[in-house]
Amino acid sequence: MTDFPTSLTSPNQRCVGCQQSEPLSFDFAFAYQPIVDLRDHSIFAHEALVRGPQGEGALSVLNQVNDSNRYRFDQRCRTQAIARATALDMQSHLSINFMPNAVYRPELCIRSTLDAARAHNFPLDRLIFETVESEYVDNYRHLTNILREYREFGFKTAIDDFGAGYSGLNLLADFQPDLIKLDMALIRDIDKDRVRQVIVRGIVTICEQLGVTVIAEGIESAGERNFLSDCGIFLMQGYWFARPAFNALAKVAPQAWAN
């Protein structure tokens, strides 16, 4: 899908929060980590993970984000992630994290994202916006409104760290995103942990009936991969397949697919 909405064309149509946010006094870059599809050994998406300009960890950047620059940071994350993905000739989906508390009015805050996608000819239906389920959100209804607005624009939506935070099943009851990413605490050593196995099987069953695709993140062993595949989870992310690549697209080693 390459059509772009034409309703947000006025240069004055920008939200107050984005206009009043302070300019950023720091630079940042991205590392990209693949989300693989076990069914055909393909790359379903790459997640854009913020890094310092020389590859420093995410906290070196996030610790500089505050209430006065949060809006500007969130906007620049989106536009830079799209620009860099295009420069890297990314053909998969691109997954971008967003801060719900940095979205003032979703229909206006999305303007810079649409401009970036249009400028780089990046299809809207290959953009995934994911938010962390464990992040405290000032207004729960505001979050579901954001997700609904983003879906209207043609983006895919995802809930990250599902099962770790404040909302969990309540959020899933109110809004069914395209994707949920199971928290890695549920994944760790799941092939040896009956309790985690029961919980994850239950989540998979619920999501199948709701039409929500499950991604397992934090895969670090063949045992975890194999158990989750047996559960019907085929989209996976983690060091077993590839570590995030700084300013590059990581390659999945052939042995990561081997039984």
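Guide: A salt bridge here is a side-chain nitrogen of Lys or Arg within 4 Å of a carboxyl oxygen of Asp or Glu. The model is predicted, so local features need pLDDT of at least 70 and side-chain atom pairs count only at pLDDT 80 or more, whereas totals for chains, interfaces and linings use all residues. Residues are numbered from 1 along each chain as its sequence is written, and side-chain values use heavy atoms, with hydrogens and water left out.

By the salt-bridge rule, the count comes to 12. One of these bridges joins the side chains of Arg-118 and Asp-115, at 3.2 Å from N to O. Both residues belong to helix H5 (residues 111-120), and because they are three residues apart there, about one helical turn separates them. Helices are DSSP runs of H or I with at least four residues, strands are runs of E with at least two, and both are numbered from the N terminus. Arg-118 has a relative accessible area of 38% and is therefore partly exposed; the classes are buried (under 20%), exposed (over 50%) and partly exposed in between, with a 1.4 Å probe and protein chains only. Asp-115, at 25%, is likewise counted as partly exposed.

A second pair consists of Asp-67 and Arg-70, whose side chains meet at 2.8 Å, N to O. Asp-67 counts as exposed because its relative accessibility is 64%, while Arg-70, at 21%, is partly exposed. Arg-70 also falls within the range of helix H3 (residues 70-87).

Asp-37 is buried, since its relative accessibility is 9%, but Arg-39 is exposed, with a value of 58%. Asp-37 lies in strand E1 (residues 29-37). A polar atom of the Asp-37 side chain also lies 3.0 Å from the backbone nitrogen of Arg-39. That is a polar contact, meaning a pair of N or O atoms within 3.5 Å; within protein, one must be able to donate a hydrogen and the other to accept it, and residues adjacent in sequence count only if both atoms are side-chain atoms. Beyond four places in sequence, Asp-37 is in contact (heavy atoms within 4.5 Å) with Ser-42, Phe-44, Phe-234, Leu-235 and Trp-257.

Most residues other than glycine have a negative phi. His-41 is partly exposed, at 45% relative accessibility. Asn-247 also has a positive phi, near 55 degrees; its place is in the segment after strand E9 (245-246), and its relative accessible area of 27% makes it partly exposed.

Salt bridges also link Glu-47, Glu-130, Lys-181 and Glu-217 in a network. Side chains of opposite charge can pair when their charged atoms come close.

The nonpolar interior gives the wider setting. A nonpolar core is a set of buried Ala, Val, Leu, Ile, Met, Phe, Trp, Tyr and Cys residues joined through side-chain atoms within 4.5 Å. The largest such core has 63 residues, of which Phe-73, Leu-94, Leu-127, Ile-180 and Leu-228 touch the most other members. Helix H3 supplies the largest share, five residues. Apart from this core lies another, of eight residues, which include Ile-35, Phe-44, Ala-158 and Leu-179.

Among contacts between residues at least 6 apart in sequence, 71% join residues at least 24 apart. The accessible surface, by the Shrake-Rupley method with a 1.4 Å probe, comes to about 12100 Å², and 48% of it belongs to carbon and sulfur atoms.
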